[in-house]
Amino acid sequence: MKFIKLHFGACRFVYNWALEQKIKMYKQTQKSISRFDLQKILVREIKPSNDWLKKVNSQSLLSSLMNLESGFTKFFREKEGFPKFKSKKNQVQSFQIPQHYIVDFEMGIVRLPKIGKVKAVFHRCFEGTPKTATVSRSRTGEYYISILVNNGEELPEKQQFSEISTIGVNVGIKNFAVLSTGERISYPKCFKNSLQREKVLQKRVSRKIKGSKNREKAKQKLTKLHKKISNQRNDFQHKLSFRLICENQAVALETLNVKGMTENHHLAQAIGDSAWSSFVTKLEYKAAWFGKTILKIGQLEPSTKICNNCGFHHSELTLKYREWECPECKINHDSDINIAINIKKFSLQDQNLAVI
Ligand SMILES: [Zn+2]
């Protein structure tokens with residue numbers, strides 16, 4: 001465990017260091033510094049002056065540089081958020097091992113370079129060539145290893161899509177998502193019940209005296225519930241993403257400005273910390289499996305303010321208005337559905353389009 005934590009820390013350190021170099025370089029020279037240059041500085045200067053980094057798998061450190069690079073690619077190409085510094089305080093941590101690890105299903109262990117034997121409970125066995133392994137710690141403090149396996153199967157070719165076979169998906173405020181067909185999709189009742197229960201248990205923890213046994217017991221109950229919530233959320237997202245991918249040839253989404261959203265309390269609460277991005281991830285890999293397409297439009301598209309019928313730009317409109325009448329064509333809009341239709345329209349218009 002000590003060495004796993006050391007790897008979390010070292011990879012975070014390298015990531016943050018590299019991000020800082022990139023920002024500095026850009027401020028000073030308006031030029032960017034490449035991953036290969038960063039790698040050279042890391043190996044020649046940073047590692048020799050930081051002994052503790054030598055105890056860490058150097059390939060994991062290089063993976064951090066690659067992660068940062070793909071963060072920047074996403075930022076420029078898909079207009080996703082600018083890469084952020086990683087915090088030590090965040091419970092969720094991870095690092096990658098590109099190769100040289102051994103999985104032993106019979107013994108129930110994984111042998112990791114510079115870390116050694118780790119006992120593991122396998123979710124399932126796999127055949128094929130193991131690629132990158134990712135070691136992570138969840139919000140609830142559990143440790144996971146996820147292993148990417150190349151099973152030699154080619155992904156299917158992308159299928160054609162058109163207006164009729166594309167669906168627009170918008171993050172709802174009251175609902176999890178609203179579709180361009182007008183359908184509203186909510187989390188199942190059992191999930192909502194668990195969220196209610198979370199509030200109750202949270203209160204119980206805060207009422208107990210710090211350091212007491214009772215507080216510890218209450219905390220354990222809360223942790224157990226967090227795990228249940230996360231399972232329920234995942235289950236729901238798997239089912240929904242599977243359905244959307246099966247029923248449509250292309251799914252259109254808006255890249256979300258999560259930072260901007262925290263200003264809107266209700267919206268942030270409805271979406272939950274990273275629930276939306278984990279949903280998008282599920283959609284993306286399922287799309288790849290079944291030869292479907294994910295279309296994304298940038299955050300700058302004024303999808304909230306445009307009438308999907310006549311294209312009128314209603315500049316005074318904010319997220320506060322749940323319903324509005326278009327001053328131009330007099331159509332009544334439900335804001336969420338109007339946005340979902342616009343997301344579909346804009347993404348098909350080839351505006352700000354990024355096909356994955
Ligand atoms: Zn209109």
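Why does the arrangement around the zinc ion count as tetrahedral? The four donor atoms subtend angles of 106 to 112°, which makes the arrangement tetrahedral (that label needs all angles between 85 and 135 degrees).

## About the model

This is a predicted model, with local features needing pLDDT of at least 70 and side-chain atom pairs pLDDT 80 or more, while totals for chains, interfaces and linings use all residues. Residues are numbered from 1 along each chain as its sequence is written, and side-chain values use heavy atoms, leaving out hydrogens and water.

## The zinc site

Let's look at who holds the metal. Cys307, Cys310, Cys326 and Cys329 coordinate the zinc ion through their SG atoms, at 2.3 to 2.4 Å (donors are N, O and S atoms within 2.8 Å of the metal, or 3.2 Å for Na, K and Ca). Along the chain, these donors follow the spacing C-x2-C-x15-C-x2-C.

Cys307 sits in the loop between strand E11 (293-297) and strand E12 (323-325), and Cys326 in the loop between E12 and strand E13 (332-334), so the pair, 19 residues apart, links distant parts of the chain (strands are DSSP runs of at least two residues, helices of at least four). Both Cys307 and Cys326 are buried, meaning under 20% relative accessible area with a 1.4 Å probe, protein chains only.

## A three-stranded sheet

Over to the sheet. It is open, with the order E1-E5-E6 and antiparallel pairing (two strands pair if DSSP finds at least two bridges between them). Strand E1 (93-97) and strand E6 (143-150) are the edges, each pairing on one side only. Five bridges join E1 to strand E5 (residues 129-137), and Gln93 stands opposite Arg137 in E5.

Definitions and conventions. Tetrahedral: all angles 85-135°; square planar, octahedral: opposite > 155°, others 65-115°. Buried < 20%, exposed > 50% of the residue type's maximum accessible area, 1.4 Å probe, protein only.
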